[in-house]
Amino acid sequence: RNELNQEASRRAKLRDRLNAETRERVDKAHSHRQERDRLNELVQTKKDVRNKINLDASNLFKVLDNRTKTKSPQKEKSIEELKKEIEGLEFKQQTEVLTVGTERKLIEKIGGLKEKYTAQKKKIEDSRVSNEKKKEAENARGEASKLHKEMIQLADDAQAEHNTMIECYRDADLVRNEADEIHTKFIEAQEMADAHHEMFIKVLKVLRKVDKKDESSRHSAREA
């Protein structure tokens, strides 16, 4: 019985150690799951930001594309050429003696050139703004590309955490199964020890009865 009790005790200690190891592996798996979830949240956040930046950049490129399509295909005088021509005509108006009709035509021509000059100046400003918008859109695309790379890296990290989590749960199940087997053997050893103890008690009782009978027989023999 003592040997069986010792074996049961040894198995109980092994079972407890395996159960503790199971809890440790499960805790580790939970930790990896939390990290995986945190990384997945970051992936979603960066994805949302990336999509917003890409949408803004696409809208900017559409605007710039429309401006390019609406540009006049014909070659126009430069703003410097228009300014020089206006100044020349104004000088002529101021220094030459002109008929009323000629001066009226000259004034109309100067007015037309000034309108072209204003339009050209606006085009130059629009072109400058367009270049800035183009640069802004290109920078946005670059930022979106950078965010995409970061998102992919985070997704890979999240997948690695997920794989590690699964491995920890799998290891925990293996250790738990081993602990269950040891527990079953512990119960068996304990039951065998109890059975041997009960058998020992029964044998002891039988021996005591036999001793009592022998003693009683010896006592009767002496009285006879």
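Is Lys114 buried, partly exposed or exposed? Lys114 is partly exposed, with a relative accessible area of 40%, where buried means under 20%, exposed over 50% and partly exposed in between (1.4 Å probe, protein chains only). The model is predicted, and local features need pLDDT of at least 70, side-chain atom pairs count only at pLDDT 80 or more, and totals for chains, interfaces and linings use all residues. Residues are numbered from 1 along each chain as its sequence is written, and side-chain values use heavy atoms, with hydrogens and water left out.

Lys114 forms a salt bridge with Glu90, their closest N and O atoms being 3.0 Å apart; a salt bridge is a side-chain nitrogen of Lys or Arg within 4 Å of a carboxyl oxygen of Asp or Glu. Because Lys114 lies in helix α3 and Glu90 in helix α2 (residues 79–95), the pair ties together parts that are 24 residues apart in sequence. Helices are DSSP runs (H or I, at least four residues), numbered from the N terminus. Glu90 is partly exposed, at a relative accessible area of 24%.

The whole structure holds 10 salt bridges. Arg17, Glu21, Arg25 and Asp171 are linked in a network of them.

Methods
Helices (H or I, at least four residues) and strands (E, at least two) are DSSP runs, numbered from the N terminus.
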